[in-house]
Amino acid sequence: MEVPQQLGSPGVSKWDIRHKIWDYMEANNLADFPRPVHHRIPNFKDAPRASARLPDLQEFQSARTVKVNPDAPQKNARFLTLEARKALLVPTPRLRTGLFNRIIPPPGATKEMLRKCATSQGVRDYSVPVGLDAKVHVDLVVVGSVAVSEKVVSHFLTAGCRIGKGEGFADLEYAMMVSMGAVREDTVVVTAVHDCQVVDIPEDLLGDHDLTVDYILTPTRIIKTGCRYPKPQGILWHKISHEMLGKIPVLKNLRHREKQEGKDVALKDEQRDVPAAGKPVRVAKKSRPESCSFQDQASLSQASPEGGASPDSSPLPDAPVAVYVGSIPQGTRVGELKDALRQCHATPARLIWQGAQHRAFLNYDDKATADAAVVALQGLSLHGSPLRVELSRSQLSKTGSRPR
């Protein structure tokens, strides 16, 4: 079977790689329930074989506490951890009720009972929450992945790079464990994937918040990446929004602690994304060559004809501006719209999803950015149906404009 390793050519985006992996697994019937695997950590038919290699690792054998993600492909990894009589920590779904729970099997649990404890239902039925004050030391971390890189192929391709499903929870979980002192710089990170998920990943796709892996387990082999790229050193508060903070209560508690310690905990919403003098503006790569990204459009609209700052620019933040997206086809998932926005480089500061009404509202930091997003999203379609994209009516009434 040919593995699509060539996905990591220069200029490719994380979403390009994700979609090609998801499409490949579905097209070749490698995927397993739940399907389709798009916008998930993909489950695959040989997932138990990949995780079965975990006990072969010396780091697993010596570990006392193992943290394993709650996704379907890692169910066997959770079972093997329990079978080895190690402490198993599993993150709470989307971190809504805490960081992680410890799975406590019933006394004298049989192998079949341990398998039940390793399922998503078992995680709910046989777990107790682990508080921030608990003195937890995690010896080994097992994460899910959509794609990982095996080796250094050239100066721009790095071994041990990992791409998740795009929501950032595994990266944030690790950063939160750093913040509470549960992991160290040398804590080993393992992922279990299908062989087709091992591809070349350009290093420039890696951010300072991205988690890298030390071992890759597949149904056919164990790969030691020798990754030298540093893992997250803690929570990057300047990348956390107030909206995310509101959805993850444990994050609020960690922020309060770090603030008391005198650390900089200013959030993304509290900082103006204004480049320092003489520092070039970072422009996102274009995924659609026929039109420039909305960041490019915003930069142009905010600049004076001579290329300098606009004379009416102000250091104070502008009021958020909403963009209306209508005619969303029935059955569309919010993840599909988010994906399309990323592909157009038009990700908003906040997305308000009203799928039942076939619409959504995108909030941007200022009107110039919103105007540019409207331009970048013209002609956008989902499931073959063109979307209606324009400034929201409330915004148009402020400017005296009318909808087209």
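**Ground rules.** I note that this is a predicted model, in which local features need pLDDT of at least 70 and side-chain atom pairs count only at pLDDT 80 or more, while totals for chains, interfaces and linings use all residues. Residues are numbered from 1 along each chain as its sequence is written, and side-chain values use heavy atoms, with hydrogens and water left out.

Helices here are DSSP runs of H or I with at least four residues, numbered from the N terminus. Most residues other than glycine have a negative phi, and most peptide bonds are trans. Asn29, although not a glycine, has a positive phi of about 55°. I then checked the prolines: the peptide bond from Phe33 to Pro34 is cis, with omega near 0°, and Pro34 is found in the loop between helix H1 (14–27) and helix H2 (47–51). A cis peptide bond also joins Arg35 and Pro36, with omega about 0°, and Pro36 too has its place in the loop between H1 and H2.

**H1 against H11.** I looked up how H1 packs with helix H11 (residues 334–343), and the angle is about 135° with the axes 10 Å apart; axes are lines fitted to C-alpha atoms over the stretch in contact, and angles run from 0 to 180 degrees between N-to-C directions. That makes H1 oblique to H11, since angles under 35 degrees count as roughly parallel, over 145 as roughly antiparallel, 65 to 115 as roughly perpendicular and the rest as oblique. The contact (heavy atoms within 4.5 Å) is made by Trp15, Asp16 and His19 of H1 and Asp339, Arg342 and Gln343 of H11. By class, these residues divide into one nonpolar, two polar and three charged, where Ala, Val, Leu, Ile, Met, Phe, Trp, Tyr, Cys and Pro count as nonpolar, Asp, Glu, Lys and Arg as charged, and the others, Gly among them, as polar.

**H7 against H9.** Helix H7 (residues 169–179) and helix H9 (residues 249–260) pack at an angle of about 40°, with their axes 11 Å apart, and that makes H7 oblique to H9. I found that Leu172, Met176 and Ser179 in H7 meet Val250, Leu251, Leu254 and Glu258 in H9. The residues of this contact divide into five nonpolar, one polar and one charged.

How values were computed: Helix = DSSP H or I, 4+ residues; strand = E, 2+ residues; numbered from the N terminus.
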